Amino acid sequence: MEFEPKWIAWEVTRRCNLRCVHCRSSSTLEAKKHPDFPYEEAVRVLDDISSYAKPVVVLSGGEPLLRQDVFDIAAYGTEKGLRMCMATNGTLVTDEVCENMNKAGIKMVSLSLDGSTAKVHDDFRNMVGAFDGTINAAKLFKKHNISFLINSSFTKRNQEEIPKILKLAKELGATAWYMFMIVPTGRGEEIMNELISKEDYEDLLKWHYEMEKLEDELLVRPTCAPSYYRVVLQQAKEKGDTFKRRTLQFSTGGSKGCLAGQLISLIDVDGNVLPCSYFPKVAGNIREQSFQDIWENSPLFKELRDFKKYKGRCGSCEYVNVCGGCRARAYAVTGDYLDEEPFCDYMPLKLLRKAKGQESS
C-alpha cells in the first residue's frame with residue numbers, strides 16, 4: 001500500500017481543563033456542542049480501524065484524562081493489536097493514572113511543555129500551575145517506567161526558550177523532543193501576528209540541523225515544519241555531511257515532510273476524519289463510512305497525495321518529494337490547501353531560471 005495509515009490522532013473528547021493560546025480545537029472545560037461519544041462507539045471505531053490497518057493510535061483531546069473510560073478505550077485498542085498512546089497536558093497525572101496507563105498497555109505518552117519556567121509555560125497555557133503539573137507528570141512517568149516524549153509549540157513569545165526546553169527535556173528523561181512550529185488553527189487564529197517570521201523559521205531549522213547532528217541522548221524532530229527536510233539536504237550538501245540519511249527517516253516509515261492525509265490523520269470527537277490535527281477540512285465521517293473507504297477514496301486525501309496539483313513555489317520546487325510544504329498552514333493562511341507553504345522563503349531553481357530568462361530577454 002503506497003499510502004498506508006501509520007499514525008492516527010483520535011480526539012476522544014473536546015473538553016479540557018486548560019485554555020492554551022494555540023489550541024487547535026479551541027477546547028474548554030465544557031463542550032456541549034461537541035459531546036464525548038459513548039464507549040460503544042469507541043469500540044466500533046477501533047474494530048473498524050484494526051480490521052484495515054495497524055497504525056499507532058494516539059488518544060488525544062482536549063484532555064483525554066477527563067474521560068473516565070479512557071483506559072477502557074486504550075485497553076480495547078491494545079487487545080486489537082494497535083499501538084495505543086496518549087497525548088496529555090500532564091496536569092491531571094497521578095500515581096493512579098500511571099498505574100492505569102500501564103494496565104491498559106499505553107506504549108507512549110506525549111507531554112506538552114512550552115517554556116523552561118512556570119512564567120513562560122503558564123502564560124502559554126493560560127493556567128497558573130500548568131508548568132508544575134507537567135514537571136510532576138514527567139517525574140511520575142519515570143517512576144512508573146512509562147516512556148514519554150515532549151512536544152513544545154513555539155511563537156514569537158517563547159521562541160527564545162527553544163534550547164532551554166531541549167535541555168529540560170533531557171533532564172526530565174524524555175525519549176524524544178519535538179519542536180512544533182505553530183499552525184494557526186482554532187484559537188491559534190487569534191495569535192496570527194505571533195507566528196515566527198520566515199527568516200527566524202529558516203534559522204531555527206538550520207539550528208535544529210546542527211543540534212541534531214550532535215544529539216545522542218534523545219530523538220529530536222521539528223514537527224509541522226516540512227521545510228526542514230529541504231534544509232537537511234541543502235545543509236548536508238553544503239557541509240559534506242552524511243547525516244542526512246538518518247534524519248530523513250521518520251518513525252512512521254516515510255521520507256516526506258508533510259504527512260497529512262498520506263501517512264497520518266485525525267479523527268475528531270464528532271467522527272470526522274481530517275488530514276492531520278491542524279487541518280480543519282473533513283475527508284469523511286466514520287459514522288457514515290468505514291475508515292478504509294475514507295482513507296482510500298476521499299477526494300481530499302487524493303489531492304494531497306498528488307504533488308502535481310501543488311501550486312506556487314511548492315508546485316515548482318525540486319524538493320517537493322521530501323518537503324511538500326505544510327498543507328495545513330497553506331490552508332490556514334491562504335484558504336487553499338494546495339497553495340505554497342507561506343512560511344518558506346526558498347525560491348525553487350525552476351522559478352529562478354525562469355526569472356533570469358525573462359530578465360535576459
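Modeller: In this predicted model, a residue counts as buried when its relative accessible area is under 20%.

Biologist: Is Arg-329 buried or exposed?

Modeller: Arg-329 lies in helix 13. Its relative accessible area is 2%, and the cut-off for buried is under 20%. Arg-329 is therefore buried.

Biologist: Which side chain does the side chain of Arg-329 make a polar contact with?

Modeller: Arg-329 belongs to helix 13. The polar contact runs from side chain to side chain, at 3.2 Å. The partner of Arg-329 is Glu-341.

Biologist: Where is Met-347, and why is it called partly exposed?

Modeller: Met-347 sits in the loop between helix 13 (327-334) and helix 14 (349-360). Partly exposed covers the range between the buried limit of 20% and the exposed limit of 50%. Met-347 falls in that range because its relative accessible area is 37%.

Biologist: How many of the five residues of strand 2 are buried?

Modeller: Side chains in a regular strand alternate between the two faces of the sheet. In strand 2 (residues 56-60), Val-56, Val-58 and Ser-60 are on one side, and Val-57 and Leu-59 are on the other. Both faces are covered. The number of buried residues is five.

Biologist: Which residue of strand 2 stands opposite Trp-10?

Modeller: Strand 1 (residues 7-11) pairs with strand 2 in the parallel sense, over five bridges. Within strand 2, the residue opposite Trp-10 is Leu-59.

Biologist: What is the bridge partner of Met-179 in strand 7?

Modeller: Strand 6 (residues 176-181) runs parallel to strand 7, and five bridges join them. In strand 7, the partner of Met-179 is Pro-222.

Biologist: How many of the five residues of strand 7 are buried?

Modeller: Strand 7 spans residues 219-223 and is mostly covered. A residue is counted as buried there if its relative accessible area is under 20%. The number of buried residues is four.

Conventions. Residues are numbered from 1 along each chain as its sequence is written. This is a predicted model: local features need pLDDT of at least 70, side-chain atom pairs count only at pLDDT 80 or more; totals for chains, interfaces and linings use all residues. Side-chain values use heavy atoms; hydrogens and water are left out. Buried means under 20% relative accessible area, exposed over 50%, partly exposed in between (1.4 Å probe, protein chains only). Helices (H or I, at least four residues) and strands (E, at least two) are DSSP runs, numbered from the N terminus. Two strands pair if DSSP finds at least two bridges between them. A polar contact is a pair of N or O atoms within 3.5 Å; within protein, one must be able to donate a hydrogen and the other to accept it, and residues adjacent in sequence count only if both atoms are side-chain atoms.
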